[in-house]
Every structure is written in C-alpha cells, then in structure tokens.
Amino acid sequence: MPEIKGVVNGNDNHDEHDHSYNKVNGEEFRNGNCQEYCCPGNKCTAENNRYPDGSVRLRNPHIELMDQDILYHLALGSESHDLVEMFGDVKFVCMGGTPKRMESFANFIMEEIGHKLPTGTTLLDISQYSYRYCMYKVGPVLSISHGMGVPSISILLHEIIKLMYHAKVKDPIFFRIGTCGGIGLEGGTVVVSEEAVDAMMNNYYEVPMLGKLVKRPAKFDRKLVRELKNLADPEDPYVTTSGKTMCTCDFYEGQGRTDGAFCEYTEADKMEYLQQIRNQGVVNIEMEAIPFAALTHHAGIKAAIVCVTLLDRLKGDQVMAPKEVANEWQIRPQKLVARYIKRYLQMKGRTSFEGHGSMSVKSPRRFKLVQQESETFE
C-alpha cells in the first residue's frame with residue numbers, strides 16, 4: 001500500500017496553491033513552477049480564474065472565439081438561451097448522483113429557503129431534453145444530477161463551469177451531496193471530506209491529454225469545510241465526522257469488494273487493504289471526489305463534499321439497509337448543506353424567492369437546433 005510522502009496543503013482563502021511540496025508517492029509533482037500541471041504561463045492563484053467582480057473566468061481561450069458554445073449534455077447553448085437571465089443569480093450548485101435524488105433535493109431546498117412557485121406551476125427540469133442529467137433551479141440554488149463515476153461527473157463539471165462563465169455568475173459555491181462506503185463508520189454517518197485521494201493514495205487528478213498525463217491538485221476549500229463541520233447539530237440523531245475521502249474508478253474490484261463478477265484476491269487481502277487505508281486517514285470511499293475537487297479548484301471555485309455512509313466496509317461489501325432506511329440516510333447530507341445555504345442567505349438578507357426556473361430563449365432557431373442535437377442518441 002503506497003504511503004503519501006507529500007501532500008497538497010489547502011488554503012483557507014482558496015486563493016493560492018501550495019508550492020512547498022515536491023513529491024507525491026516519490027514522484028516529481030511539478031506544481032512549484034506551475035508549467036505542466038497547473039497554470040501554464042500564469043501565477044498560480046484562484047484569483048486569476050475570476051474577474052474582478054467575482055465572475056468565473058474560463059481557462060480556455062478558444063471559447064471566446066466560438067460563434068456559439070453548445071453545452072451538449074445539458075441541452076443549453078450560449079446563443080440559443082439567455083443564460084444570464086436564466087442563471088445569473090445562481091450562488092450554489094448542488095450535485096448528486098441520481099436524477100431522483102436531486103429532484104428530491106430541489107423540493108427540499110425549496111421548502112428550506114422559502115422559495116415560492118407561481119400558482120399552477122411545478123419545478124422544471126431544465127435539461128430534460130438531454131436525457132443525461134437533470135437540472136432544477138430553485139432561486140439561487142441549482143440542483144443537478146452528475147451520474148456515476150469519474151467520467152460522468154467530469155463531463156458535467158466542464159459544462160457547469162462553462163455555464164457559470166456564460167451566465168456571469170459571481171463567486172459560486174459547489175457542493176457534491178452523495179453516498180459512500182464508510183471505513184470504520186456505521187451506516188448513516190455523515191462525512192465532510194477534508195481531502196481527496198485516488199485509489200493509489202495520490203491527491204491529484206490525472207488525465208491523459210494529447211498523449212501526455214496531466215496532473216491537477218485535488219483540493220477542497222478548507223474554510224468551507226470548517227464551516228460545514230461547525231454546522232453539525234449535536235442533537236442530530238447521527239454522527240457527523242470528517243476525514244480523507246478515497247475516490248475510485250470502480251465499485252467492485254477498485255474498492256476491494258469480493259462480491260463482483262470477478263475477484264482474484266482473498267477476504268484477508270481485502271481486510272488488510274482496508275485497514276491500511278484507514279491507518280492513512282481514509283474514512284470513506286466513493287467515485288467522484290478527485291475530479292470534483294480538482295476541477296473546481298482549477299476553476300477557482302469553492303467546493304466541498306458531504307456524503308452519508310451506506311455501510312461500514314470493514315463489516316461487509318453489500319448494502320443491506322432497507323430502502324426506507326437508506327432513503328432517510330440520504331437526506332442527512334442534504335440537511336447539512338441546506339443549513340449552510342440558509343445561513344448564508346440569512347446573513348445576506350435574502351429570505352424569499354419566486355420563480356420556477358423557466359427557459360429564456362434568445363434565438364428560437366438556435367434553441368431548436370440545440371434541443372435536437374442533445375436529443376440525439378449515439
């Protein structure tokens with residue numbers, strides 16, 4: 001089991017990458033000069049990724065040269081839709097795995113922040129014509145499904161970050177609200193991720209680009225993590241904890257399970273592995289943390305993950321909790337994120353909202369083309 005020999009140290013203000021470390025797992029990690037993995041040609045600060053008013057600045061010079069940027073998997077376009085009108089007031093982007101969960105969260109947060117729908121209307125799935133992700137807008141909150149695993153959430157993040165740019169959203173905050181397997185934690189435990197590591201205990205996101213491996217630090221906003229932890233209520237009938245989250249690319253063998261279609265290791269091998277990662281600070285395992293932490297950090301966007309454990313992996317591999325129990329558990333991280341959102345809005349004096357997340361079409365012709373493109377099944 002590899003040990004971490006150098007770690008990415010977070011920054012409370014989310015403004016500076018730490019340049020003090022040189023190696024991860026004994027490998028040169030060239031963040032010191034930011035030429036290969038981080039910010040080519042620029043000082044490595046999150047401020048470089050925001051305009052002076054806090055709007056998201058894309059790190060892609062090609063986008064501004066395009067006639068229209070089609071957010072293909074969201075069924076939206078920069079010229080077909082008035083994205084500023086539709087999304088300009090967004091402050092929080094909350095994402096989770098399934099469309100059903102995020103529809104439920106949209107209705108839950110609507111009650112929590114006192115959002116009112118016009119009479120005779122319901123929440124609109126803005127991305128319904130993509131047939132890939134769901135998206136609901138509840139006042140300043142976007143509730144979006146990201147699917148399962150690294151590829152699915154990375155595709156969504158690219159397009160959501162571009163959506164923030166086109167909509168001129170200022171200083172957005174991203175949350176992933178999900179489920180996980182605990183390491184020494186009973187089912188129903190809420191976990192706020194402090195760090196993210198991959199299955200080899202690397203704390204960076206490695207992506208092949210043009211035949212080369214590019215590594216981006218996976219970092220959460222430390223201040224945001226602290227604030228979430230402080231919002232845990234001692235009277236909650238469950239434990240809220242924090243620690244290191246492992247992100248794997250597979251649910252079965254990648255997480256050391258023995259109940260997949262294939263298994264070429266023993267129960268003893270599995271338990272030794274799980275105990276080793278526990279000794280290195282891992283408290284839960286899921287499948288999205290690394291790209292979520294790395295891409296939001298790379299974009300200069302504050303982000304955090306709050307998950308609930310569905311089982312203790314030291315005691316088994318299969319999720320045995322009854323459906324109604326698991327459903328109640330999944331509301332627990334939603335409650336913590338809702339507390340943060342409510343407190344933020346109360347501090348800003350924003351306590352009532354109206355609207356149902358309607359479409360605002362800029363060009364009917366382009367709108368139809370984007371819709372047809374996104375409806376196409378490959």
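Buried means under 20% relative accessible area. Arg 257 is therefore buried, with a relative accessible area of 2%. The model is predicted. Its mean pLDDT is 86, and 80% of the residues reach 70 or more. This briefing covers the annotated site, then confidence.

**Annotated positions**
- UniProt, in an unreviewed entry, lists Gln 255 and Arg 257 under "binding site".
- Gln 255 sits in the loop between strand E13 (240–247) and helix H5 (267–279).
- Arg 257 lies in the loop between E13 and H5.

**Gln 255**
- Gln 255 has a relative accessible area of 4%, so the residue counts as buried.
- Leaving out residues up to four places away in sequence, Gln 255 touches Thr 248, Asp 250, Leu 274, Ile 285, Glu 286, Met 287 and Arg 313.

**Arg 257**
- With residues up to four places away in sequence not counted, Arg 257 touches Phe 251, Tyr 252, Cys 263, Tyr 265, Leu 311, Arg 313 and Asp 317.
- Arg 313 is among the residues that Gln 255 touches, and Arg 257 touches Arg 313 as well.

**Confidence**
- The mean pLDDT of the protein is 86.
- Residues 1–37 have pLDDT below 50. Beyond near neighbours in sequence, this stretch has 109 contacts in the model.
- Residues 39–44 also have pLDDT below 50. Beyond near neighbours in sequence, that stretch has 18 contacts in the model.
- Where pLDDT is low, predicted coordinates should not be read in detail.

Notes: Residues numbered from 1 in each chain as written. Predicted model: local features only at pLDDT ≥ 70, side-chain atom pairs only at ≥ 80, totals over all residues. Heavy atoms only, no water. UniProt positions renumbered as here; feature names shortened; annotations may be inferred. Helix = DSSP H or I, 4+ residues; strand = E, 2+ residues; numbered from the N terminus. Buried < 20%, exposed > 50% of the residue type's maximum accessible area, 1.4 Å probe, protein only. Contact = heavy atoms within 4.5 Å. pLDDT = per-residue confidence, 0-100.
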